[in-house]
Amino acid sequence: MSAKPLFRFRLYVAGNTHNSDQAISNLNALCRAYLPDRHDIEVIDIVRDPDRAAADGIFMTPTLIKLGPVPGRRIVGTLSQTQPVLQALGLEGAAA
Amino acid sequence: MKKTKTTRRAAPPAPTKTATGVPGLDQMTGGGLPRGRTTLLVGGPGSGKTILALQFLVHGAEVENETGIFVAFEETPARIVGNAEGFGWNLPGLMGRKLHFVDAQPSPDLVQSGTFDLSGMLAVLESKTRATGARRIVFDALDIMLALLPDEAAKRREMYRLHEWLVAKGLTALVTLKADADDSASVVQQPFSFMQFMVDCAVILNHTVVLGVSQRNLRVQKYRGSSFDENESPFLIGSSGFEVAVARTLGRMDAAVTNERVSSGVRRLDTMLGGGYYRGASVLITGFPGTAKTTLSGAFAEAACKRGERTMFVSFDSDGNEVIRNLASVGIKLERYVRNGLLRLISARTITGSAETYLVRIKALAREHSARCLVIDPVSTLSKAGNELTAHSVAERLIDWSKSDGTTLVCTSLLDEMASQAEGGSPLQISTLADTWIHLNYLVQAGERNRGMSIIKSRGTAHSNQVRELILSDAGVTVTDTYTAGGEVLMGTMRWEKEGSVRRATEVAEMAGRLRRVKLDAEEAELAVRVKSLQAELGAKKAEKVLMALTAEIDEREMSSVRTRMGELRGADAAIRAAR
C-alpha cells in the first residue's frame, strides 16, 4: 500500500446550488471511503471563475476532472451513482 | 481571450427584427429574426441547419456589425469552418474578432454519474459574451447536450434555464435541434416540442425526395408579435450559402415600369408589336418542336448584343456551341458576342435537380453576368419529372424576379404536339403571367408544313392579329404577309405560287399596255405625217389656184391687147374702140 499514488481532483460547480452541494459531499464521501489520505480536491465555482472553466472546456456542471494519476478522466453529474464513478477512477476492485 | 470590455450600449430604440442575411427568409419574416429573442431552428439531418445558423452570424458580423458566438455541440469548429469554406464568407478573417466559436462537444469518453445542469456553460458564455460584446449567439445541435440529461423534466428545466439566460442577456439566439427527417408536420410530437412553445420564433427545415428529385423547404412555424409568410418555401444551399425562394409577398414594392421598347430581332415582328417588346417584359414563345422557337429567341439575343446589352442565353436542349452553330445557319451570329463577353451561353442540359435549383442557379448566373436580357430555352424543362408540383410556382417566381430586376425575359415553351393541338395553355400555365405571348404553329397545306406566327397577346400594345409566315433563311429571320384566299391563309409554296401568278399577270398586263402605246404612237405618227402631206397638198392647191387666176388674168390681158391690136390692124370702128 506504500506506492499508492495521490489522486488529484478538480471539481467544477456552479454557485451554491443543490447540484453543487451534492457533488461536493458525494466526492468527499467517496474519497474518504476509497482514497483516505491520498486525495487532493480543488473546488472551483464556475460562476466566479468562468475563464478557468472555459480553459478546461467545462459546459456541464458539476464536472469532476481527475488530474492524476494518468489517465485523466472527466465525470459529469452529482456523482450520486457511485459505481460508474469508481469504474472511471479505476477503483472498482478496491473494496471499502 | 482578454479583451477590452465592451459594455452594452444604451442603443436607440432598436428595431424589433434583425436580418439573418439569408435571402428570402428575411422577406418571409418581414425583416429577420426577433431581436433579443430566441429562435428555434428544427430540421432533419442534412437539412442545412448549421449553414443557416452560421450564415446568420456571418451576416451579423459583416453587415450588421454584431459580434456572434457559435456554440458547437456536434462538430468541431474547425470542421464547421471547413464545411463552410465554399461559400466565400471569409470566416478566418472574422474568427476571433467578430465571430467566436465555442467547442462544447461532450467528450466521447465522458462518464456520467447523477444529474447535471448547464449553468456551467452559461457562466462560460456569459464571460465570453461580456468579453466580446456579442449580440448574436447560435447553439448548434443542442439536442446532443439535451440527450445526456436523464429525464424529460431535466431537459425541460435546462431549456428554461438557457432560455431565461438568453432573454436576460438580450441576445438574439438561434437554437438548432434535430428532428426526424420528413416529418416536419409532427414536430410537435417530438421530444423537444416544448421548445417550440417557449421560443418566440420557430423555423422548420424539411427535406423530401419526390420522384427522385430532392426538394428542400423552409417554413416559419411561429413568430410572436409579427405577421409572417406561413407557407412552405423552397430553399437551396447554393454557392453563397442558404437561399430561400420566396414568392412575391404583399406589400413589396412594384417593379419600375418603362415604356422603353427593345427589339425582338425581327424587324417585321417589331412592327407587329408596335415597336418591339417592352423593356423588362416577359415574353413567352410557345410552339411545337421545330417551329423556330430557339431561332426567334436567338434573334432577340443577337439584337440585345447589338445594342451592347449584357445577355444570357440558357439552353436546356443543346450545348452552347451547338446553339451558336445552329443559329449561325439562319444568319444569327452570336459567336463574336460570346467572345467579347457580352453574351453568356449556359448549357443546362445535364443539370438535374429540382426546378428550384434551376431557378436559383439561373438567378445566380444572371446576377453574376449582370444580364439585362435573358433567354431560357425552353422553360418547360422546369416541369420535368418530379417537379410538376413546384414548376409552376418556380416559373411564377422566375417572371416575378425578372420583372423586379428589370430584366427582359424571353422564354420558350415546348408544347406537346399530341397533348394540345389547340393553342391552349402552356404546361406551366405561365401564359397568363407573360406579357407577350407569341405562338408558333405549323400550317399543313398542300403537302407542306410552314411556320405560322401569331401574337396571342401583348399587354399594353396594339398588335396585329394576323397570322404571319415566319421564314428562316441564311440571311436571317423574316416575317412575311400571308395571302388570304377563300378564308384560308396561303403559305410556303402556295404563297409563292400565288405571288408568282400575280406577278405574271401584272407583267402581261404591263406588256399589253406597252404594246398598245406603241401602236397608238405609230397611229399618231402616221396621222401626223398625213396631216403634213395634206397641208402640203393644200398649199400646192392654193398655189395652183393663185397661179390659175394669174394665168387667166394674163390671158385676158393678152387677149384684149391682141383684140385691140387686131382691131387697130383691121381698122375697126370707133364703136368697138369705145366699147373697149
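Guide: Let's start with a term: two strands pair if DSSP finds at least two bridges between them. Keep in mind that this is a predicted model.

Visitor: What makes β3 and β4 of chain A a pair?
Guide: Strand β3 (residues 63–68) of chain A and strand β4 (residues 73–76) of chain A share 4 bridges. The cut-off is at least two, so they pair, and the sense is antiparallel. Across from A:Thr63, for instance, you find A:Val76 in β4(A).

Visitor: Which sheet do they belong to?
Guide: An open one of 5 strands, in the order β2(A)-β1(A)-β3(A)-β4(A)-β6(B), with mixed pairing.

Visitor: Why are β2 of chain A and β6 of chain B said to stand at the edges?
Guide: Each has a single partner strand, so one side of each is left without a neighbour in the sheet.

Visitor: And what lies across the sheet's strands?
Guide: Helix α1 (residues 18–34) of chain A lies across β1, β2 and β3 of chain A. Helix α3 (residues 82–89) of chain A lies across β3 and β4 of chain A together with β6 of chain B.

Visitor: Why is β4 of chain B called largely enclosed?
Guide: A residue is buried if 20 or more other C-beta atoms lie within 10 Å of its own. In strand β4 (residues 68–72) of chain B, 5 of the 5 residues are buried, so the strand is largely enclosed by the rest of the structure.

Visitor: How do you know that β4(B) pairs with β5 and β7 of chain B?
Guide: 5 bridges join β4(B) to β5(B), running parallel, and 5 bridges join β4(B) to β7(B), also parallel. B:Ala72 stands opposite B:Asp103 in β5(B), and its bridge partner in β7(B) is B:Asp140.

Methods
Residues are numbered from 1 along each chain as its sequence is written. Chains are lettered from A and ligands numbered from 1 in the order in which they are written. This is a predicted model: local features need pLDDT of at least 70, side-chain atom pairs count only at pLDDT 80 or more; totals for chains, interfaces and linings use all residues. Helices (H or I, at least four residues) and strands (E, at least two) are DSSP runs, numbered from the N terminus. Two residues are in contact if their C-beta atoms, placed from the backbone, lie within 7 Å. Axes are lines fitted to C-alpha atoms, for helices over the stretch in contact, and angles run from 0 to 180 degrees between N-to-C directions. A residue is buried if 20 or more other C-beta atoms lie within 10 Å of its own, exposed if 12 or fewer, and partly exposed in between; C-beta atoms are placed from the backbone.
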